[in-house]
Amino acid sequence: MNQSQLKPYIIVVIEETNLFNFRSFVNLLNQLNLNFVISPDPESAIFHAEYSNPDIIIIPFDPDQANAQETHRQLKQAKITQNVPLLWMNSYSEMNNQNPSSLATAFNALNPFVNFNNSQDNLLPDITIKTLKNQVKLQQELLIKLQAENQQLKRLATLDDLTQVANRRQFYTYLQEQWQSYERGYLSMILCDVDFFKFYNDTYGHLAGDYCLQRIANAIETAVKKVRESKPYLVARYGGEEFAVILPQVDVENARKIAEAIQFQIRSLRIPHLSSPISSLVTNSSGVACAIPGDQSHIQELISAADKAMYQAKFQGRDQVRVAPKIIE
């Protein structure tokens, strides 16, 4: 990720009565590659903070004209800004468009604003531009770290812990999204169930059963990916030993072919299942259904149709694919 895309957001509180060289100050903020908004009073700053979540608030201050003490008090009392770091600048009047070095001089007057009162002795030593840039860099690094952590949390929230394919919640979320996106096309679904999986667990133990499910999930993902490549699809663990595949823009015949490719991929694993009544290897039964998205109530009909087709495959001997008799419209 490009760090330049993660710019700390700054609110600058400049009271309307202050004589301030806006152009020079704006040029300086742009040179430092910062996002900012200028507020004419603390109330406006608090309003902006509620929507922008600022990283820093800067208070340019002329002790002869601006009531910075009251500005500071209001910002620290407001819940939305009380924990936002404040930077104090009391030399902004020296900024001059004709002298670029005065920009640096102005920012050399920036100080962390802590324990503000009438005494200037409470101000900390000056912050140089280099120090401010370091603060910006640290803020960018923190934003990158937080973004990465948020992406990881989001990923964990959508994946099944065991198989690392999508979980049931993500299945429904994705199905809703695709249903709304493809109102004029087909949307197909495959429901898969591992044959006699309870017998497998009883024979080989639950650890072996977990490993079996992991391999099957990977086999389903591999089979679908070979056909879909860069086209959209979702493989999800629907529950227990059941898996679901959502196939946007795929008609019923092509969905059937994908289900058969899944069957072949699972057989190719050659996972022993000596307690299975139908085979010495782990097998899978699949149901296929197809819909043309429209009424929201038809989403459940699509799931039910795929489920019925899957149970038909089981009742007719397992280790096979069955297709729902009609397209849901």
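**Figure 1. Gly185 sits in the loop between helix 6 and strand 6 (187–194).** The model is predicted: local features need pLDDT of at least 70, side-chain atom pairs count only at pLDDT 80 or more, and totals for chains, interfaces and linings use all residues. Residues are numbered from 1 along each chain as its sequence is written, and side-chain values use heavy atoms, with hydrogens and water left out. Helices (H or I, at least four residues) and strands (E, at least two) are DSSP runs, numbered from the N terminus. Gly185 is buried, at a relative accessible area of 10%. Buried means under 20% relative accessible area, exposed over 50%, and partly exposed in between (1.4 Å probe, protein chains only). Gly185 is in contact with Gln249, Ala291, Ile292 and Pro293, leaving aside neighbours within four places in sequence. Contact means heavy atoms within 4.5 Å. From C-alpha to C-alpha, Gly185 and Ala291 are 8.5 Å apart in space, yet 106 residues apart in sequence.

**Figure 2. Helix 6 (residues 168–181) crosses helix 10.** The two axes come within 11 Å and cross at roughly 120°. That angle makes helix 6 oblique to helix 10. Axes are lines fitted to C-alpha atoms, for helices over the stretch in contact, and angles run from 0 to 180 degrees between N-to-C directions. Angles under 35 degrees count as roughly parallel, over 145 as roughly antiparallel, 65 to 115 as roughly perpendicular and the rest as oblique. Helix 6 passes helix 10 in a right-handed crossing. A crossing is right-handed if the near helix is turned clockwise from the far one by less than a right angle, and left-handed if anticlockwise. On helix 6, the contact is made by Phe171, Tyr172, Leu175, Gln176 and Trp179. Helix 10 brings His298, Ile299, Leu302 and Ile303 to this contact.

**Figure 3. Gln320 lies in the loop between helix 10 (298–315) and strand 10 (321–323).** Gln320 counts as buried, with 15% relative accessibility. A polar atom of the Gln320 side chain lies 3.2 Å from the backbone oxygen of Arg318. Not counting residues up to four places away in sequence, Gln320 touches Gln263, Asn284, Ser285, Ser286 and Ala313.

**Figure 4. Asp319 and Gln164 each have a positive phi.** Most residues other than glycine have a negative phi. Asp319 is not a glycine, but its phi is about 55°. Asp319 is placed in the loop between helix 10 and strand 10. At 24% relative accessibility, Asp319 counts as partly exposed. Gln164 has a phi near 65°. The loop that holds Gln164 runs between helix 5 (129–158) and helix 6. Gln164 counts as partly exposed too, with a relative accessibility of 42%.

**Figure 5. Helix 7 (residues 197–204) meets helix 8.** Their axes come within 7 Å and cross at roughly 135°. Helix 7 is thus oblique to helix 8. From helix 7, the residues in contact are Phe197, Tyr200, Asn201 and Tyr204. They meet His206, Ala208, Gly209, Cys212 and Leu213 in helix 8.

**Figure 6. Helix 8 (residues 206–228) packs with helix 9 (residues 252–269).** The angle is about 135°, and the axes are 9 Å apart. The two helices are therefore oblique to each other. Helix 8 passes helix 9 in a right-handed crossing. Residues of helix 8 that make the contact include Arg215, Ile216, Ala219, Ile220 and Ala223. Helix 9 uses Ile258, Ala261, Ile262, Gln265, Ile266 and Leu269.

**Figure 7. Ile266 is found in helix 9.** Ile266 counts as buried, at 2% relative accessibility. Leaving aside neighbours within four places in sequence, Ile266 is in contact with Ile216, Ala219, Ile220, Val282 and Asn284. Ile266 and Ile220 are 46 residues apart in sequence. In space, they are 7.4 Å apart, C-alpha to C-alpha.

**Figure 8. The protein chain has 10 helices and 10 strands.** The chain has 329 residues, of which 45% count as buried. Among contacts between residues at least 6 apart in sequence, 72% join residues at least 24 apart.

Definitions and conventions: A polar contact is a pair of N or O atoms within 3.5 Å; within protein, one must be able to donate a hydrogen and the other to accept it, and residues adjacent in sequence count only if both atoms are side-chain atoms.
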